Structure formats: C-alpha cells, structure tokens
Amino acid sequence: MTGNELFLIVEDDRQILSFIGFSLKSKEYRSVQATTGKEAMNFLATLHPDIMILDLGLPDMDGLEIIRQARAVSDLPIIVVSARDQDHEKIEALDAGADDYLTKPFSINELLARIRVILRRLHKKDEAPAQSDFKIGELEVHLDKHQVLLSGKEIHFTPMEFNVLALLVQNAGKVLTHTFIIRQVWGSYLESDNQSLRVFMANIRRKLQEDPAKPRYILTEIGVGYRFADE
Amino acid sequence: MKDRFDLEILKLSAGKSTMHSVAAQITVSVIVILLTTLVALVFRFWGFAEISIGVVYILCVLIIARVTRGYMYGLAASVANILCFNYFFTEPYYTLHVYNRNYFTTFVVMLLASVLTSTLTSEILDSSALASKNEGITRMLYQITSSLAKASGVPEVASVSVRCISNLMDCDTCFVTLGEDGVPDWEYTYSAAEHRVISKPAPQAETKEKGKYVLPVSSHAKRYGMLCFPDGAAPAGEDEEKLLRSVAVQICVAMEREHLADEKKKVEAQAEREKLKSNLLRSISHDLRTPLAGISGLAEILQYNLEEDENREIARAIYDDANWLTHMVENILSLTKIQEGKMIQNIQQEAVEEIVAEAVKRAAKYAEKQKITVKIPHDVLFVPMDGKLIIQVLINLIDNAVKHSAPEQEIRVEVYPENNKVWFNVADHGTGIPEDELPHVFDLFYRADHGQADSKRGIGLGLTICKSIIDAHGGSILAENNTEGGATLRFWLPYQGGMKN
C-alpha cells in the first residue's frame, strides 16, 4: 500500500479543512474529509483510512472520545490538530493514543514533515518489526549491544541514560509524554521524577553534543514530553 | 422573619414570680394556725386524744413550711403552735401554766418534730426551685441556640440575637456588627413597642458610652460585634451575667458560622469568575487562531501554487501578516493573563535549556537571515517559572533583536546564574538604543522610532508584555547598550540554587 495511503481529515473549520486538503493533494495523497465526529466514526468503520488527522474541538463529539473509540478497533496513526494549546489536553490526547499533535496555526511544511515521519514509521513496521540497530545522522544506537556511537566513536552511557535513549530511539518521530517515559523507564510514575527525567535528558544531550540553539536529536515538546528526531 | 423567630417570651424574672411578700406570708401563717386551732377545738369537743391534736399541729407546721419561703416562718410557726397547744389543750386550760410535768416532754418532742419538718420542707422547696430555675435557663439557651441555628445570614443572626436578649432582659437591646476591619458596620435594634428589629448602618466611630453595659461577641480570633444595652439595663447578679455570657457565646458561634459561609461563598464566586475568564480566553484564542491558521495556511499554499512572481509576492504578504497577527494574539493573551490574574498560576521548575531552545526554535521563524547563537551553563538549571510565558518573553526579545539587526548579524542568547538570580541576555549588534530612550523601552505603546521603518511593526506591546511577565515572576528586566555596539535586553528570575549535576 506504500504511497497510496488514505487520509481521513476530521475538522469542522472549512478553511483549515481545505488547507489540509490542498496540502495533502499537493503531495498526491488521497484523502476524505469529515466535519463532524459522527461522520468521522462512520468513515473509520467503512473506508478504513490509513492515517487520521483530527481536530479536537468538534461540534458534536469530543476529539478525545474519537481517539479512544478509534483505538478500540484500530491502530491507525492519529495526528491531532488543535487550537487548544493547553498542555494537559495535548498530554491527554497523546496518552489516549494519538501519535502526534500540531497546534494551530501551523505551516504546510510542519504538517507534511509530521506526515512523512508517520508514513516512514508505518512502512518500517511493515518491513522489519523488531529493529535493534538505529542510525540517525551521525548517531548509531545498538540496542542489543547497549552501544552508542557518535561519528563512529563510542560514548559511555549509564544504564538509566541508555534506557531513556533507547526508548526515544525506538519511538523516533513520536512524541513521548513525560509520564509515559517515566513509567517505561522507572516502572512507576511519581511527580518528582519529572525533574530527574529532565536531568537525564540534559546529560544525554551533553553526551550527544547537542547545540542548545538547534537540537539535532532530542527535541523538547515543552510541557508535554520529548521526541527523538527521525531524520 | 418576624413570624419565624417569634420567640416565646422568656424572662429571667420568670422564676421569681411565686415569691410572696413578708406580710402575706405572715398573714397566711396566722390563718393556718387559727384554722388548725379551730379544728383541734372541734377534735377536743368530740373527745379525741391529745396526741391527735399534737399531730394536727405538726401538720400545720408542714403546711406553713410548704406555702412560705425560708426557715423563719416554719420555726416561728412551730413555737406559736406549742404556745397554742399549751394555752388551749393542756390543763389548766386557757393559761400558759402546766400542771403535769410530762407535758414538757410532749412540748419538746412536738417542737423538735415541727422544726425538723419545716426545715426539711424548706430545703426540698429550695432545691426544687433551683432545679426549675436551671431547667428554665437550659431551655432558654436551647431555644436561643435553635433559633440561631435556623437563622441564615448575618442580618438574620443579628435580629434573632437582639430579639432573644431583649426578651431575656426585658429591655430594647442593640447589636452592632463589626466589619472586616473591626469598624462597626450595621446596627440592629429591637423595638418592643413595634415588636420588630430595626436595622441601620452603624455610626462609623465606636460609640462606647460610659455607664452603658456592653457585651462583646468575639472569639479569640475575631471580633464579630457587641451587644449594647440601654441606660440602666445590666444583668442583675452573677447568674444573670453568666447566662448572658453563654448567650453571647452562642451568638458568636452563629456569627462565626455565617462568616465562614460568607468566605466560602466568596471563594466560590471567585473560582466561578476565574472559570468564566479562562473560558473566555480560551474561546477568544480558539476563535482567532482557527481563522488565522486558515488564512496563513491557504496563503502558504498559494505561494507554492502561483506561477507569477507578483502574485506569489501578494500571497507571501498575506502569509506574513497572518503570522504577525498570530504573534500579536499570543502577546495579547499573555498580557490579559497577567493583568487580570495578577498572579501567575502555573509556576513550575523548568529546565532553562529546554525553555531557551523552544524560544529560539520558534523565534527563528521570524529571523530567516540572522544567526542566533545560544550559550547556556553546563549544569542543568532549574528555575521556577511559567514556562510558556518565559518562552513568550524570550521570543519577544529575540524578535526585537531581529528587528534591530541587519541580515547576517549575530543575535546572542546567553543564560547564566549569579547569586540568587538567573540572567537571560539577548544581545544584538544593531544600532543600539539612544540613551534618552533607554528608560522608556518597556513602556506601554512606546516604540523606538529609528532604523528602517518598513522592517518594523507593532505598537510596542511586545516589550511591555515582557516587563509584566518578568515583574509577575518577581524578577526584573532592563535594557542596555553594548560597548561594542548594539543593545542587550536582559532579565533575571529569582533562583534558589536548583538541582545540580
């Protein structure tokens, strides 16, 4: 199905709908458009789209509810588009199963970049389900050997730092919430772990020689979590 | 209100109403003795034994002790009865002489029996009177408490209070409530003539007239008001004062309850307002952002799709303006948050490098030609702040630097700790700020009017917002010219050492 994915755009604002529609069309993606939650649920059941772009503020249904219902039957990637910039809503959407989010206003390039990341992940999943070697730019991460190489040189990582990095690398391109990372790495979640996580992140960044003005690998989603660069 | 709280008239004097005057008691005693003597004479006429007559006299003492108050009457009656018995019923009759010495024994026994009887009776009467008085007080307090419990709102509590106290003391009392600052605010006066409570604003000065009895209604934490009594009215005796004080405590409890209820209502109203405000802000931000996102998005598509350069330029202008408007909306929303909320709610420990990186990433969109460099300390700095707002500040400062910089010039963002402060500097290599304008850079609607006129827009809101945000964080923002040219806008935030690696 590569290159022939069907997008479902759920958005009640006509302008944004046509903007996203045009953007997709310019890259020759196929799409169907829904303006209400009911319509969206209907399309989900009948057309089986491959990717959903979803506005959280719909007139008839809460976007979060659509994510939950969609997740109950399908694991299609969901990109949330919302004017809500409140962190907890983003986190709720991500924790409910959304893969990524964009806050209005956003540019075509931003949207297309996110879509490319998702498509790449979708295709990778089809080809090689369990990957253990990753190469992003100058960085190489070998999960089985617990090894991190930067420009061919090995860098020492503590086991905890490595676990955090491995989690990020395995989910490259996807936004991981603070809670998610802490639960995965520490096993349980405590509010106080938030600060420790950031210290780990800062240390990992130092080791990856990140430019603070232009992080190359670890991108911060302020108030939400982290995302590992995908390309 | 009048009907609901029409209390049974309670009076302290209620227990005293059976009290007889001395003359009446003596009269009653004499009559009882005369009647007894008459009955005894009839008994003797019928030939009853002397012993029966003696018993009749003891009964007489019992009756007198019952109907009179105090030991004296009983004792006097006992002596009087012995004399009567001696006079009428011992030989020789109608004299106080006695032939038979045995009679003396009889007299003594009779006297003892009488005295004992009368004393016991008096004691029982006294304790029963005390019990009924206590019961009355308890009932009164109960009634006052339950009326106060039914009252809701300070005015009702005050009205019920003066009504109770006025009835209790049988005078028109007045209750002055005190406001938050301890100054009298309302005065509730009971009028027995009109059978209602009159309320009016209290005179501002505390009118504590000399000689008038005033009962404060206060807990250890707060003064709620005072009960003022008219001239000459004051509690009689310790018991009455004690009773009044317990009533005052009940009133205090009721006032305290109303006060807490008021506080709760205020807090709820405040929360409701906050909720309304944030809903309004949310809908504004949604309503403005969505069409702006549409405009900028569609203009962007036009830019890519249009063939002619001129038209592409138009689309680009639309796109730029829509972006600028979006930036303004963000700024105005931040300003509303600060000015209306007064306090910053979302203070959290944020890692400075993450905040700076986010700000630089977002500001870089407006700085296509300038180079932004960042210098942050090696240690992770955690500074308490509202991350979103500080990002907004940094974006505005970088944006300002971009406007005052020529293409290819460097914009330097630097963060470093110094004592209990963390400094954030944004330096440019532009034209700098004229010395006389330095103090006005952060004034509302002030805008430096030099340099290329077409590359700058805005009404000077950006920097004003920065100042509001930094002030709200307890920090400070200032503008300086660099010795080597260009200007530095810098601010600091309070910092307590934070977590170090």
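**Exercise 1.** Describe how β6(A) pairs with strand β7 (residues 139-142) of chain A.

*Solution.* β6(A) and β7(A) run antiparallel and share four bridges. Strands here are DSSP runs (E, at least two residues) numbered from the N terminus, as are helices (H or I, at least four); two strands pair if DSSP finds at least two bridges between them. One bridge joins A:D133 to A:H142 in β7(A).

The model is predicted: local features need pLDDT of at least 70 and side-chain atom pairs pLDDT 80 or more, while totals for chains, interfaces and linings use all residues. Residues are numbered from 1 along each chain as its sequence is written, with chains lettered from A and ligands numbered from 1 in the order in which they are written.

**Exercise 2.** Which element of chain B gives the most residues to the side that touches chain A?

*Solution.* Start with the totals: 33 residues of chain B contact 25 residues of chain A, where contact requires C-beta atoms, placed from the backbone, within 7 Å. Elements giving two or more residues to that side of chain B include α6 (237-305), α8 (352-363) and α9 (387-403). The most come from α6(B), with 14 residues.

**Exercise 3.** Give the helix content and end-to-end distance of residues 102-125 of chain B.

*Solution.* The span is 100% helix and 0% strand. Its end C-alpha atoms are 35 Å apart.

Conventions:
Two residues are in contact if their C-beta atoms, placed from the backbone, lie within 7 Å.
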